[in-house]
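Keep the viewer open and follow along, one stop at a time.

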Amino acid sequence: MDRATGLRLENISISLEGRELIAVDATIAPGEVLTVMGPSGSGKSTLIACVAGFLDPVFEASGRILSGDTELTSLPAEARHAGILFQDPLLFPHLSVLDNIAIAVPQRISGRNERRDIARAALERVDLAGFGDRDPDTLSGGQKARVALQRVTVSEPRLLLLDEPFSKLDSALRGQVREMVFDHARAARLPVILVTHDGADAEAANGRIIAVGSL
Amino acid sequence: MAAALRCRELTVQGTTPGIETGAGFGPLTRHAPALTIAVLVGPILFGFLGTLLPAFGYLPGLGGMTFTLSHFADLTDVPGIWRSVGLSLVTGLVTTLISLLLLMLFVGGHLGGRLFGLMRRLLAPLLAVPHAATAFGLAFLIAPSGEIVRLVSPWLTGWSRPPDLFIIHDSMGLSMIAGLVVKEIPFLFLVTLAALPQVPHADSMRLGRSLGYGRVASFTYLVWPSLYRQIRLAVLAVLAYATSVVDVALILGPQLPATLPVRLIEWMNDPDLSMRYLASAGAVLQLLTTLAAIMIWLGLERLGGVLVAAFRDRGRRLARDGAARSLGLGGVALAALTIVAGILILAVWSVAGLWQFPDALPSSLTGRSWMRAVPRLVEPLTVTLAVATLSAGLAVLLTLLCLERENETRNSGGTRALMLLYLPLIVPQISFLFGMQYCAILGGLDGSLSGMVIAHLVFVLPYVFLSLSDPWRSYDRRYETIAAGLGMGRMRTVFRIRLPMLSRAILTAFAVGFAVSIGQYLPTVMIGAGRLTTITSEAVALSAGGNRRVIGVYAFLQTILPFLAFAIATALPGLLFRNRRGLRV
């Protein structure tokens, strides 16, 4: 992770049928979290879709997104390397736990064994060694969250997008997973955008907060 | 203006980024919708033209170079022609009305209940049984020497010989209606099941019943209007099919005179080639007959709406609807029972040795019918499997490309696309298959495998599309968002993530297409030109001979093939993805 670069959202504005939903102008340093807070339906998730390159064409967006010197706005989604975590872990149900991670390893590493070794090491990092052959659906909620995070990690993302990733976890687990994700982002020096409606998430993120929509 | 330009920067050409790039499917998916429409509409258009021109006397191949109305005049002089038209019209309307009413009473009376779930499991596989096999099974059950009479003879009836009754081929077409109703109920039931999730039925039913309305009344007042709107095209397809069906009419229908489509086929196959003018004029009449049936049906829809509104506006609770619920359940259960019993009786006949009336079971079993049939079966069986596999495979491929295109453009084509899909199911086959045969002859495709695959594809494609589009559209797109975030291109995402996850739905759609192809009679005889035959065309051809053992072999085989396809479609994902709980349904 030697390519730590910040993320620059330059005059981003997203609107629907002429009504502006979100306006952001921010710089997120490596390891820093920008929190976007708002009630459901406020359109806060469109910011994530916009950065990831998946904004539905019904929305109009303007502005530029820069990762270091690279302008992401002109790149297709798969070239942006924007890692995403949703509120569901969304492990690919047809792949084993190990293959879920191996599939995320960048394509320049083409050897099958090499890719699996990387995945195996990733599982070991989160105390899931030996879980590689398991059916992802048999894991507990916390285990799934850990696999999902490792899947994003091995893909060597430029930045991390969190779309209410903790909202479906029960309260005991929530704090744990939150800490794991933020610790990881800080260690990997990834700029993070967090979208949430939970004040505790925003507090734990310990960064700039943007409120969207009327609360 | 500047904002608009920026917007383009953000979303790459205004479409989903990552798709209109080198990594996407490009021209393959871009041209898929047009190609699919061509496959659906092209044969119908050219086929109808090829029917229309000879009907007006223009058929250069037979020396017909001038336009004339004389063939229509000849048509009106054919003895019993109006009775044939009337039979087609009435059997079609009655079949549709009975099927729909029974289904409505059953769904209304049992929605959410235990029996509903049971019927769902029972009826779904029965959809795979071809029409011809269902008709043969029914005939073997209800004929004067059929299983039902055997079971009650001689102890109840005193009959030691088959009674002299016209049960099948009755002149009113009652047994034909019965055969069609039995087969259309599972179809309408499955269409209803597919539409139910789009209607807030559970809440509406609860609300209605809490206000004191009976189950059937709650359903009819609150759920049915929006549900019917969803299944309307399928109901019209049933109506169009029942007014123009050939195979079931040959097996069960009236004979003197027969229904219109049966007579058209006779003329078409007449050694006197000039009869083709008459057949073509008749095919135009068939189109008008089906159109008239649809018009009458639209009137019946109005009438039904007025009736329902009258009851509803008077606040009729109809709380004691036990009889209606039982009628619905009885009708649907009887349909299921008839199909199952029919298949069993076909199987028994195929291995029957000596079987005298009124014995309920053969006195000996033998494999002789099968042994004797096998040498003659090989060729039609090969053609059947080849055409079914190719047409279903092509249909799945075209459907997947269209759906992927829909993914790229986020435009499903809406109602217009749906109408187009139903077009081959609503325009009577016979009215454009005559012309399609001419086109096939002109193009040198008659009697060829490719010609037959194209002809089957027209009817297979709609069912495959309808079967696959729902699971495809309800797929959780966030999986693809994640995949792109991991740096996976569109191709890789489709092949590594989306297709494997949808493998069950894709294989099921393939099996649906396979089953539809197996059941096709008319396209097979028209384009096969007698040189290529399938199990279905052979089975129907045998019906005139009346050898129950041979019919048993063919009709049973005809039933088994689609079942095998569905069994494979169910077993394969289970095998590929065993230990994958998240993929189970």
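Start with P154(B), which sits in the loop between α8 and α9 of chain B. One thing before going further: this is a predicted model, so treat every value below as computed from it. P154(B) is joined to S153(B) by a cis peptide bond, with omega at about -5 degrees.

Now step back to S153(B) itself. This serine is in that loop too, with α8 covering 147-151 and α9 covering 174-195 of chain B. Is S153(B) buried or exposed? Its relative accessibility is 5%, and because buried means under 20%, S153(B) counts as buried. Leaving out residues up to four places away in sequence, S153(B) touches W159(B), F357(B) and P358(B).

Two of those names lead to the next stop. F357(B) and P358(B) are themselves joined by a cis peptide bond, with omega about 0 degrees. P358(B) belongs to the loop between α15 (322-350) and α16 (368-409) of chain B. So here's the picture, because contact means heavy atoms within 4.5 Å: S153(B), from one cis bond, touches both F357(B) and P358(B), the pair joined by another cis bond.

Staying in chain B, let's zoom out to its domains. The domain assignment gives domain 1 (26-43 + 373-585) and domain 2 (81-136 + 169-349). Their C-alpha centres are 24 Å apart, and the contact between them draws 34 residues from domain 1 of chain B and 34 residues from domain 2 of chain B. Together the two domains bury about 3,000 Å², with carbon and sulfur atoms accounting for 78% of it. On the domain 1 side, I426(B), I430(B) and F434(B) lose the most area to domain 2 of chain B, together 19% of what that side buries.

How many salt bridges are there between domain 1 of chain B and domain 2 of chain B? The count is 0, and there is 1 residue pair in polar contact across that interface (both at pLDDT 80 or more). Several helices supply at least two residues each to the domain 1 side, including α17 (414-426), α18 (429-442) and α25 (548-576) of chain B. α25(B) gives the most, with 11 residues. By type, the residues on that side split into 24 nonpolar, 8 polar and 2 charged.

For a brief stop elsewhere in chain B, find R232(B) in helix α11 (residues 215-244). R232(B) is partly exposed, at a relative accessible area of 33%. Setting aside neighbours within four places in sequence, R232(B) is in contact with L298(B) and E301(B).

Next, look at where the two chains meet. The contact takes 47 residues from chain A and 39 residues from chain B. About 3,600 Å² is buried between the chains, and carbon and sulfur atoms give 62% of that. F54(A), E78(A) and H94(A) supply 20% of the area that chain A buries against chain B, more than any other three residues.

What about salt bridges between chain A and chain B? The count is 2. R478(B) forms a salt bridge with D88(A), and the closest N and O atoms are 2.8 Å apart. On the chain A side, β4 (59-67), α2 (77-80), β6 (82-85) and α5 (141-154) each supply at least two residues. β4(A) gives the most to that side, with 6 residues. The chain A side divides into 22 nonpolar, 13 polar and 12 charged residues.

Most residues other than glycine have a negative phi. E156(A), in the loop between α5 and β7 (159-163) of chain A, has a positive phi of about 50 degrees although it is not a glycine. E156(A) counts as partly exposed, at 22% relative accessibility. N206(A), in the loop between α7 (199-205) and β9 (208-211) of chain A, also has a positive phi, near 55 degrees. N206(A) is exposed, with a relative accessible area of 67%.

Terms used. Residues numbered from 1 in each chain as written. Chains lettered and ligands numbered in written order. Predicted model: local features only at pLDDT ≥ 70, side-chain atom pairs only at ≥ 80, totals over all residues. Heavy atoms only, no water. Helix = DSSP H or I, 4+ residues; strand = E, 2+ residues; numbered from the N terminus. Buried < 20%, exposed > 50% of the residue type's maximum accessible area, 1.4 Å probe, protein only. Buried area = accessible area lost by both parts, 1.4 Å probe. Salt bridge = Lys/Arg side-chain N within 4 Å of Asp/Glu carboxyl O. Nonpolar A, V, L, I, M, F, W, Y, C, P; charged D, E, K, R; others polar. Domains from an automatic or database assignment. Polar contact = N/O pair within 3.5 Å; in protein donor to acceptor, adjacent residues only side chain to side chain.
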